[in-house]
Amino acid sequence: MPRFGAHMSVAGGVELAFERGKRVGCEAMQIFTKNANQWNARPLDAGVAERFRKAARDSGIRPLLAHDSYLINLGSPRSPLLRRSRAALEDELQRAEALGLDYLVIHPGAAVGGSKDDCLRRIAECIDDVHGRTSGFRVRILLENTAGQGTVVGHRLEHLARIIDAVDEPGRLGVCIDTCHLFAAGYDFRDAKGYAATMKEIGRVLGFRRVKAFHLNDCKKDLGCRVDRHEHIGRGFIGQEAFRLIVSDSRFRATPMILETPKGDDGFGMDIENLTLLRRLAGRTSGGGGAGGLLQRPSAARRDDPRGGGGT
Ligand SMILES: [Zn+2]
Ligand SMILES: [Zn+2]
């Protein structure tokens, strides 16, 4: 059975994500290690990292993923932004390693005014550069497929494969498949036939061993829309059947599957409902699993509850 979880807010301190994760029944979890809309962040001090690692052990929530900042563009044709992005990626990887995370999920990049080929080449070069300065790190970068909004690359599985083929240490890279992005990019996996065809493509172009995580999100817009708008599971244009096929696919038996669905004002949104539905679709009725499974709704918004902090 896959390990289900959600993106959780780190408001008030990174280690607080575990409390929130347990409340909704996460078995795996994703966080931002810094504000995703800002370049700079205070360095993580050793005490914070130690508290985080302890909270991680105590929670039993694993694997742990980070998502990189939205500002980073590793494919930028503008060298100041490219340099800044490269430095920011290295910082993200340092933070993830210090916290003992398993994976850092990154959006590949955007061509902006340049060509797609140059963009893909720059992304691979950035990753090589950062890998070179972080040798021996345990945490691995996962390239996320994209919806293909604007000049963003990564909406074709082939783009991810080209980056992996171009880097010096491909063994340090994996892939995170976002279902909303996949559908928005035009891959139709809503029924058994489409699902089989899409999976065949993933196997052929990337190989299943590269797929280390899923982002499970339904899509607010229709197939091929090329826009990135997440919806609750079964309530968007993808629909429940596709999610049933994914969560019951034996190839992804041990793969973390993370929700990035809208959070709403209480910082939780429908995380409990979505996780319960996924477990039901996977044929697991009791819910909760290894994470304690406290499947009651978090008591309505205490004053100190986190605001915002949703993921993409
Ligand atoms: Zn998204
Ligand atoms: Zn995602």
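So, the lining of the second largest pocket: its residues split into seven nonpolar, nine polar and two charged. By those words I mean that Ala, Val, Leu, Ile, Met, Phe, Trp, Tyr, Cys and Pro count as nonpolar, Asp, Glu, Lys and Arg as charged, and the others, Gly among them, as polar. Before I go on, this is a predicted model, where local features need pLDDT of at least 70 and side-chain atom pairs count only at pLDDT 80 or more, while totals for chains, interfaces and linings use all residues. Residues are numbered from 1 along each chain as its sequence is written, chains are lettered from A and ligands numbered from 1 in the order in which they are written, and side-chain values use heavy atoms, with hydrogens and water left out.

Okay, back to the pocket. It holds about 330 Å³ of space. Of the 18 residues lining this second largest pocket, Y70, H107, T146, V152 and D228 are the closest to its centre. The elements giving two or more residues to that lining are β5 (109-110) and β7 (152-153). A pocket here is found on a 1 Å grid over the protein atoms alone: it's an open set of points where a 1.4 Å probe fits, with protein on both sides within 12 Å along at least five of seven lines, and lining residues have an atom within 4 Å of a point. Grid points are joined across faces, edges and corners, and the volume is the space filled by probe spheres set on the points. The strands and helices I name are DSSP runs, numbered from the N terminus: E for strands, at least two residues, and H or I for helices, at least four.

Now the helices. Which residues of α4 and α5 touch? K116, D117, L120, I123, A124, I127 and D128 of α4 meet H159, R162, I163 and A166 of α5, where contact means heavy atoms within 4.5 Å. That set divides into six nonpolar, one polar and four charged. As for the geometry, the axes of α4 (residues 116-132) and α5 (residues 157-166) come within 9 Å and cross at roughly 45°, which makes α4 oblique to α5. Axes are lines fitted to C-alpha atoms, for helices over the stretch in contact, and angles run from 0 to 180 degrees between N-to-C directions. Under 35 degrees counts as roughly parallel, over 145 as roughly antiparallel, 65 to 115 as roughly perpendicular, and the rest as oblique.

Next, α5 packs with α7 (residues 192-205) at an angle of about 15°, their axes 10 Å apart, so α5 and α7 are roughly parallel to each other. From α5, L157, E158 and A161 meet E201, I202, R204 and V205 of α7. That contact has four nonpolar, no polar and three charged residues.

Then there's α3 (residues 79-98), whose axis comes within 10 Å of that of α4 and crosses at roughly 45°, so α3 is oblique to α4. L82, R86, L89, E90 and L93 of α3 make the contact with R122, C126, D129 and V130 of α4. By class, that's five nonpolar, no polar and four charged.

The peptide bond from R62 to P63 is cis, with omega near -5°, and P63 sits in the loop between α2 (46-59) and β3 (64-67). V112 isn't a glycine, yet has a positive phi of about 50°; V112 is in the loop between β5 and α4. R226, also not a glycine, has a positive phi of about 60°, and lies in the loop between β10 (218-219) and β11 (230-231).
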